Amino acid sequence: VAVVGLRRKLALVDEPRPRDLETLAALLRRGRALAELAEVYERLATMVGSPTTAAAWWLGAGFVHLGRGRLIEAARALEAARAASPGDALPMLALVACYRLGERWAAVGATLEATIAIVADDDLRVTLQHELAEVLTSRLAEPARARALLESLVAQRPGDVPALVAMARVMAVSDPAAAVAVLEAHAQRSGAPQVIDALAELYTRQEAWTPLATLLRGALAQRSAIGVERRSRLARQLAEVLHARLAQPAEACAVYEALLGDVGDDLPAIDALAALYAILGRDAEQAQLLVRAVGLDENPRGQARRWAAIAAHRASHTDVEGALAAWRRSLAIEPGAREAFAGYEQLAYRAGRWAALLEFYAAAMLDAERGVPGLSVGDLCLRQAQVLRRHMGDPGGALACTTRAIETDGDLDQALHTLTHLAPGEAGWRAALAALTRRIDRSVGPVRDEAQFVAARLAALGELPPAEAHAVIAGLPAAVRW
């Protein structure tokens, strides 16, 4: 209401008073009416007599336009602020930000140069010189100008490490050997981390692996001067160079071992060292590291994968019981995981651990009953039936498991195939046929027709002499295309 009233009042006068416009601006700010607010600021800038005050209003208008993403209007207002107060760095800094947003890089560079010329604060001037060098190098493709600027800055401030590093990076474009020489000289004098990192980057780009390894060893020797995080990073970098570039896996192991002895648990280093132990055939030490790494991995899925890796390692070294235990640990963390399930099952089959396999299926069945994805009670019952029939000489148990598979929607073809391999006189045969009949009643289409045919033949087995019954069994697979 106040805004509307004030607008009406101002509409009745040819030249509104600045005080009234300022009041309107305050109301517009409160109401977040930014488009109109910018207009009021610009109108005020044209009404005041003081250049400093006009620059402030133009600056305010520019900031409002920037906030609205109106870069053209913002640049116009900020340029007016700069013209009103040429010696003020604030409008120029705002212009740099505006030009950056609009990716007007030539304007960014020119405005930075002009700002550097008038800034009184030394630290701010150095910051702007760094920014200008970056723009000249990466945006305007003028490395020569950037190098001259940075050389001048380094000459004025020999201790300015960022300027030295930036200068070396610019030099590396046209004269990498000179850049390396500059950084090597400074690294020997100061050992500054930023210089070490820049020199390592240049060595890597030039594939100078031996000097890089020497540099990293020297940096790691200054233990008291670097923190744990940096020490870990440098050690991992050195070990990678020794192993992957200089074919020195034993030396790489020594670096990782020293790091773990120094900083304690470092999961990436443990993983890398375990991989190197595998290459060198240091199996017992690798096994210890694999188990150690599990406790450091905070991701449950990562823990499951690590137990799976431990199981594979133990299996490859004929530790069957240890491998089966590791597979179970993996599945306890991530029930139903296909790789772990298959790994346990295949190893138990190869090793003939039939009792352990039945126990494994029973535990998985509990997970399936809880709804764990990837597991089926019917499928697990059929797997149990196969073990009981083929490997444990328990046809009665196999028949009971097959019956449950039929009742729980296990694979019907596989269940019928199992039944054809079981003698009709076994206890529970009629219960299996009754379950099969109920299952057929739930089936539709070709599956139902085929199942009815097989069920009728199976039912007949109980009435036939043994020789004829086995002949029927032998003919069933071909008859139903198993």
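The model is a predicted one, in which local features need pLDDT of at least 70 and side-chain atom pairs count only at pLDDT 80 or more, while totals for chains, interfaces and linings use all residues. Residues are numbered from 1 along each chain as its sequence is written, and side-chain values use heavy atoms, with hydrogens and water left out.

The buried residues of helix 15 include A252, C253, V255, Y256, L259 and L260, buried being under 20% relative accessible area with a 1.4 Å probe and protein chains only. They cover an arc of only 160° around the axis, and therefore lie on the same side of helix 15, the arc being that of the directions from the helix axis to the C-beta atoms. An α-helix has 3.6 residues a turn, so residues three or four places apart point the same way.

Helix 15 is followed by G264, which has a positive phi near 85°. Leaving aside neighbours within four places in sequence, D266 is in contact (heavy atoms within 4.5 Å) with S232, R236, L259 and L260, two of which, L259 and L260, are buried residues of helix 15.

Terms used: Buried < 20%, exposed > 50% of the residue type's maximum accessible area, 1.4 Å probe, protein only.
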